[in-house]
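Have the structure open while you read.

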Amino acid sequence: MTSMTSTPHTIIQPDRPTLDIGGLCKRFGSKTALHDVSLAAEPGTLTVILGPAGAGKTTTLRMIAGLDTPDAGTIALQGVDMQGVEPKDRDIAMIFDNLALYPNKTGYENIASPLLIRNIPWQEVQTRVFALAATLRISHVLKRLPKTMSGGERQRVALGRALIRTPRLFLLDEPLSSLDAKLRIELRAELKRLQREHGHTFVLATPDFHEAMAIADTVIMLREGRVVQKATPQQLYDAPADRDVALFVGAPQVNLVTAQYQPDTGCMQAMGARLVVPDHLVRVLNGMPGEFELGIRPENLALAPPDSADIRCRLLDVEPLGLKSVLTVHNDHGQLRLFVDSVVAGGLHNGQEVGLNLLHTGKMLAFDPHSGRNMAL
Amino acid sequence: MLTKRLSLVQAVLMAMALVVVLFPVFWILMTAIKPPTDWNASPAIWFPSQPTLINFKTLFDPAAIREYGVGGVSQAATDAVFGSILASVTATAISVAIGLFSAIGISRYGNGSKSTPLVILSGRMFPPAAIAVPFVIMFSTIGLIDSFTGLIAIYVAVTLPFSTWMIKSFVDDLPREIEEAAMMDGRSRIGAHLTVTIPLIKGGLFATTMFVFILNWSEFMFALVLSYTNVSTIPVQLAKYVTATAGTLYGVQAALAVLAMVPLVIVGYLIQSHLARGMTFGAIKQ
């Protein structure tokens, strides 16, 4: 490890991205954990690294923090290269996926520890810890040890330990996993509010696309150690880079059916029906006849009388979700899922013939049948 | 704590096991307070009719036993007791200190080779008898024979694999994220180990210290072959109570054995309360 001659704090360049990663590679033995990962986070933004388990999210965060060393690539904070800089000198706060509270210290001592290490006068420490604890609504656990706290309280103490100071970057590794659904939604809104109010820069890793959609300014989609897509949440949903991203983002998953393009008629054959190819796909398919994979989000299908519908199917299953229900329908050519009002779904029975109409055809997706790439991108 | 009630069969088996284990202890305790006439009387005398402390007195005043008409030994046990304390305490402290840092090194930074810990352990695979003689020759050459420095060096070398492995198991159990959290909070690596790792494994550290102390305290082979006159330890002294003139001084031997047991009983009692795991409960999400 090279020694650091000048502290990184002396040459801050405020116009540079808070975080700028280029060409990051990491191998663990024979397994490639990260391959050529590049990403940037602008000051005051919330960047979400989204990906399934094993995608390399934690590895990326650990290397940004300086806890692991990359095999290749650069990590710069505010324009300053971080190679050889110890974690403590990077001015980064991190929340670990397992929280890693100090088990032998009280809630107060846990939250105060970054300040106490920096020899901040105890009066100021006390004022700041009490104020933050009130914000996080954990004033009642300050005198208690982590083992006596509930999961949500521990999560907030870990949050407090990070938020007690104002580092240039916050790294949050699945900070809301293992909380129950209600608490998770409540806390993620709180996280977003705290981040926005104070203009913090957050990089948050999560496997939960709902979470990413709800709080991210920018989503970095990571898969098998590679960046698959960088986009806003809405872009990620509307224009996924490939079939797997489309499947990962959205519940129920996007419907994928094989379609046959017929350039002479401007139509395609899919699900045993002849469908008009929307304008944005006509350009993409480029007059070439052939097969492609058609992606239709469940919300872009609607029930219609079978006789006048675009597609005719039989009802396979109804999954009530409260206000809406998810219908699964099928015919000889495939299977589709769609949302309908639960009131409507209540009047249906399995095996019944139903018709489907396409809505918002401008949101149809076309994927290359071999590579899975989104043909419209 | 034993909270489960034992069945009758279990209780009987347990009682039998206890008799087997505790009978020698009982016999030593009784022999230590028997006058010479009772030591190896036949039939055996279970409880001495006239308990005496003469055996203990003889440990520190070798001539005292002569009032019973029995020959003594020339050397008091004082030096041996002092020697045992010096060698065991010093060697234990050094062994645990080095073991602590090698354990943290192997557990946290040992990505060089998986065989390193095994190589360290292989030192324990040699029977002491196999390496005792080479050590006698080497130590004679470099002037370490019959010195506490030499004995302590050997004790450290012999117990180091033990302390390294035992402490390593405690460090392995500690989630490294707790140390890394301290680094993110502003500690250096070494600072994180000093303020987080060591306080959180102190129970294990204490238990290791006690075990290593027991190993050193009861060591016989090296103490025997590496000492002549300057250095003596209790196990070596025990062997000296076999004399040509008076036969074996069973009672005196037993008295020294009882003295030697005292620290072990205390240590053993302290270990069990410190071996409790679960120190980190609440630190991480389960």
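Predicted model: local features only at pLDDT ≥ 70, side-chain atom pairs only at ≥ 80, totals over all residues.

Between chain A and chain B, seven residue pairs are in polar contact, counting pairs with both residues at pLDDT 80 or more. On the chain A side, at least two residues touching chain B come from each of α1 (57-65), β6 (92-95), α2 (107-117) and α4 (151-163). Sorted by type, the chain A residues that touch chain B are 16 nonpolar, seven polar and 10 charged.

Salt bridges turn up here too: the rule finds two across the interface of chain A and chain B. One of them joins the side chains of A:R161 and B:D185, at 3.9 Å from N to O.

Chain A puts 33 residues into the contact, and chain B puts in 24 residues. Together the two chains bury about 2,400 Å², with 57% of it on carbon and sulfur atoms. Within chain A, the residues that lose the most area to chain B are A:N98, A:P103 and A:I117, which together make up 23% of what that side buries.

## A lysine in helix α5

Now for A:K192, which you'll find in helix α5 (residues 181-198) of chain A. Is A:K192 buried or exposed? A:K192 counts as buried, because its relative accessibility is 10% and the cut-off for buried is under 20%.

What does A:K192 touch, leaving aside its neighbours within four places in sequence? Its contacts are A:L46, A:I215 and A:D217.

Methods. Residues numbered from 1 in each chain as written. Chains lettered and ligands numbered in written order. Heavy atoms only, no water. Contact = heavy atoms within 4.5 Å. Buried area = accessible area lost by both parts, 1.4 Å probe. Salt bridge = Lys/Arg side-chain N within 4 Å of Asp/Glu carboxyl O. Polar contact = N/O pair within 3.5 Å; in protein donor to acceptor, adjacent residues only side chain to side chain. Helix = DSSP H or I, 4+ residues; strand = E, 2+ residues; numbered from the N terminus. Nonpolar A, V, L, I, M, F, W, Y, C, P; charged D, E, K, R; others polar. Buried < 20%, exposed > 50% of the residue type's maximum accessible area, 1.4 Å probe, protein only.
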